[in-house]
Amino acid sequence: MVKGILKGMFVVLKHSRRKPVTVQYPEEAIPWHTKRFRGRVILNLDTCIGCSLCSQICPNESDHMVYYDYENGKNRKKIYPAVNIGTCTYCGLCQAVCPTGSIRLSNDGTLASFGKDFDYLPDRLSRTEEELKHHD
Amino acid sequence: MEEKIIEVNFGPQHPSTHGVLRLKVKLKGETVLSAEPIIGYLHRNAEKLSEFNYYASNTVFMDRLDYVGNHNMELGYVMAVEKLADIDVPERAVWLRMLFVELNRIASHLVWAGTMGLDLGMITPFFYTFRERERILQLFEMVSGARLTYNYISIGGVYNDLPNEFDAKFNEFVEDFSSRLKEIESLFKENEVFIQRMKGIGILPPEVAKSYSITGPVLRASGVNYDIRKVSPYLYYDKVDFDIPVSNGMDNYARFEVRFREMEQSLRIVKQVYGKLPTGEYQNPLYRKSGLINIKGKGESYVRTESPRGEFGVYVVGDGSKKPYRVRIRSPAFQNLSATNEMVKGSKIADMIATISTLDPVFGEVDR
Amino acid sequence: MILEEGVLKDGTKFILVEKNTLLEELKNMKNQGYDYLILMSAVDYRNYREVVYHLGSYRDNRKLVLKVRTEDDVLKSSASLWGSANWFERELYDLMGIRFEGHPELKRIFLPEGWHGHPLRKDYDMNKEQYVNMNDDGTDTVSFNPEDGW
Amino acid sequence: MEYSILQLINFILTYIGINFSVYFPPYGMLVQRVIVDLIGGLLIFIAAALTIIVVIYIFRKWMADLQQRIGPNRVGPYGTLQLIADALKMFGKEDIIPDNVDPLLFRFAPYLVFIPLILSYLLIPYGNLYHWDIIFTNVNVTLLLVIAFSAIPPIGEIIAGFASNNKFSMLGALRAAAQDLSYEIPMMISLIGVIMLTGTFNLNSISQYQWHYIPIAILEPIGFLVFFVAVLSKMAVVPFDLPESESELVSGFNVEYSGLRFGIFYLGVFGSIFFGSLFISTVYLSGGSDIPFIPGLGYIWLLVKAFIFTFLFLTIWVSLPRIRVDKYMNFGWKYLLPLSIINILWTMVIVLAMHGVL
């Protein structure tokens, strides 16, 4: 009995010499292991054809089509997706379904903000968070 | 002095009910007279939600069922839909699915091992198991781009191929995982106090297990050699070499033993699968891009898969439209949990906690 | 009594049985070696409900689907044959509104007692929000008034 | 020439001009004595509080180290001020007193746990540092007093559990009572062996005895083992943390407590860990007596031994599961109690051999 307990303690004690595996978050940023990290949705206004497939496949209706006055030559009805980031689950289905690759998920996962406006209309959706910060 | 029976609510907020299980327990001193599980605190009705969405978008809900074994949940649904809509899956996609499903099984059992330790009052194994799980999650993140709700397995294949840096990370993981697993196991296995807490506790005889439709490691720990991967092989489980660990202990210790052996077997499968990965398409080109939305099915299909907790399957009824008419989820943890009272009555409070932790319920899946 | 036989889309054999002979048929199937109740589900076809029993065996790979149709939503309980039928039937009662006669304690399993309607029915009103609260004695109350709960 | 720490305080007071004993001869000396004792008590209170904080810091760092984490590292250098920050946070929190509790007992119980613990710190002979004996109480019954003080906190725990009017608390309180009963007896019986050997109840004499002869842990290994387990159980940490057992009874007897009162319970756990370490090294490992051949460093030597025990206790905490309550009682009554009685017989043999009878 004592042997088993001592063995357990020994295994635990062995770990005192190993290096910590945790990361100090704000200083050492979490290494995104991939370029595929699914962050905020971003839209390319110039290639969007307004097919509304993304809003159809969106599982919780975060993605919806709105009228936005932007001329890119392919989108005759001038409807573009707008995404409610508050309910978006970053599932990536809109990216998967988009025939032109206009809507995609960026690598930006640091979305904490004081703002309460989660509904990203097309022009806001087309900029990265970085650009939005400079813009304001 | 008269002995009074007291009724205690364990949960829904309780440190060791693995989420939001509520147990209405009748106690006589420290002895449990009966325990009635009350569930539904995490109920979202994924079955109803699925009726309003396209076939392809429902994988998102499946992800949120068993949130520690997500790939298995996606797989169960996707395979049922593929049967329903007669969709072919490229060979590479099948192998990739198998790779991730088995890795996910390891990750899920690691979470179980850590939380079981916590339930017994051991703090440290939790950190070691989560350290290992973290490495698996990094692999998942690398491939799918998410750490928890992967949404990786798509109808007609998988959404993404392996990235270039996957190989190195994967080999690094496979190399030392088995030795680290042994180390974690030794923390439990050779510990007399642990053995006393587990041996002979929470007895589940095979007849009772069969009557309650119990599957997965819990069933195999009761001495029934029944694993869907062997009984009705899906994916390419008939092309790889692995054993089904079975134990005749019927108690908590047997369940502990079976799950640790299963992790070893899963590692074996993972190694073989990675060696056998063929090149080629990873997704059926018909169901890429806008094809995703055009999946139609008519009829009924149910495909049995072995999730980390037992038999998982989705019964899909299609009426020929782009949305399923009815989706019914067979969740293994729900069935395993229904036998709680049989297992815990007459034991002590501490044993009840240990027994529930070896059942390994995940409430996203129980409550759906 | 078997009304209809056939093969489902996934290649499983199915039989449709007469409602009154359900329990005998299930018992019969259990004796034939289908000792594993994989899944009980119910599908709402608007004018009738179809309860589907997926039966399997703990020994081999056999599988059978047993269906039964009901218009008045009352069926015989199979809780005496399988322990697992207990929770399956409670779930079907809760979400689909099918009452099983002879069930030891037929009450809602996911939703609070007193919930209006059965969500998986096709005629369930999705737009009406219900608010749940708890009485002092621990029972749930359900109301349509937002101030009565959450 | 050795002086006690109280004399040192007296010297300092006299030096800075506070000396009542010269004023009204019989009473002035008493007043002076009381002032000196009060200062000594305050000193030990501060020292004990600081030690508890140090022990908690060590615990968190050590646990983090064993679990491949970093531990507290934000507040102050290497996170040393983390505990101060935590304490401030505790002070600032609302002290919630639920509706149906017994308000008086509910408020009173935490102090009943903590004050005897701090008082028992006064009884330990801390050995000597340079020429000063750090001994606050040097009466003939310090060992008995320690045991008496250690019997009070469980009463506080039981009161806390019952007053909370919560089923989990009550189960925790019942466990505390049962645990205390079944482990205090082996603990005291194993101490009887020590008393038989040394012939005194004075902790200072006990530690001096061991310096003159040999540490009692070597003479009485069984007694030492029993005492070790009993002390571990007395501290109510894993594997014996049944009264609180987080995963079973949520938090046991202190489930309804919050804010400062919870903080007191929390400090009590770590205070008793260090006190247990001090006590076991005093009674069984020659305590604060000098390091062999190096006089004047007894205090340091005691601290070294105590901290080794603290590390041992903490390592046991992080690496073992909790034992089940009925098995635990069995272990206490069926193994520890007979072992402690065997220890008495063994001590009798030693004592007789020493007196040349055998």
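Author: Let us begin with a helix lying on a sheet. Helix H3 (residues 70-85) of chain B lies across S6 and S7 of chain B and runs at about 150 degrees to S6(B). Please bear in mind throughout that this is a predicted model.

Reader: In what order do the 3 strands of that open sheet in chain B stand?

Author: The order is S6-S7-S8 (chain B), with antiparallel pairing. Strand S6 (298-307) and strand S8 (324-330) of chain B each have a single partner strand, so one side of each is left without a neighbour in the sheet. From one strand to the next, the twist averages 10 degrees.

Reader: How many bridges join S6(B) to S7(B)?

Author: Strand S7 (residues 310-319) of chain B is joined to S6(B) by 10 bridges, and the two run antiparallel.

Reader: How does one read the packing of two helices, and at what angle do H4(B) and H11(B) pack?

Author: One reads the angle first, then the distance between axes. Helix H4 (residues 91-119) and helix H11 (residues 252-276) of chain B pack at an angle of about 155 degrees, and their axes are 9 Å apart. Angles over 145 degrees count as roughly antiparallel, and H4(B) and H11(B) are therefore roughly antiparallel to each other. The crossing in which H4(B) passes H11(B) is left-handed.

Reader: Which residues make the contact between H4(B) and H11(B)?

Author: On H4(B) they include Trp95(B), Leu99(B), Ile106(B) and Trp112(B); on H11(B), Met263(B), Leu267(B), Val270(B) and Tyr274(B) are among them. By class, the residues of this contact divide into 12 nonpolar, 2 polar and 5 charged.

Reader: Turning to the chains, which pair has the most contacts among the 4 pairs that touch?

Author: That pair is chains A and B. Chain C, for its part, has 23 residues in contact with 33 residues of chain B. Strand S3 (36-44) and helix H2 (84-96) of chain C are the elements that give two or more residues to this side of chain C. S3(C) gives the most, with 6 residues. The side of chain C that touches chain B has 14 nonpolar, 6 polar and 3 charged residues.

Reader: How far apart are the nearest C-alpha atoms of chain A and chain C?

Author: They are 15 Å apart, and these two chains do not touch. No contact joins chain C and chain D either, their closest C-alpha atoms lying 14 Å apart.

Notes
Residues are numbered from 1 along each chain as its sequence is written. Chains are lettered from A and ligands numbered from 1 in the order in which they are written. This is a predicted model: local features need pLDDT of at least 70, side-chain atom pairs count only at pLDDT 80 or more; totals for chains, interfaces and linings use all residues. Two residues are in contact if their C-beta atoms, placed from the backbone, lie within 7 Å. Helices (H or I, at least four residues) and strands (E, at least two) are DSSP runs, numbered from the N terminus. Ala, Val, Leu, Ile, Met, Phe, Trp, Tyr, Cys and Pro count as nonpolar, Asp, Glu, Lys and Arg as charged, and the others, Gly among them, as polar. Axes are lines fitted to C-alpha atoms, for helices over the stretch in contact, and angles run from 0 to 180 degrees between N-to-C directions. Angles under 35 degrees count as roughly parallel, over 145 as roughly antiparallel, 65 to 115 as roughly perpendicular and the rest as oblique. A crossing is left-handed if the near helix is turned anticlockwise from the far one by less than a right angle, and right-handed if clockwise. Two strands pair if DSSP finds at least two bridges between them.
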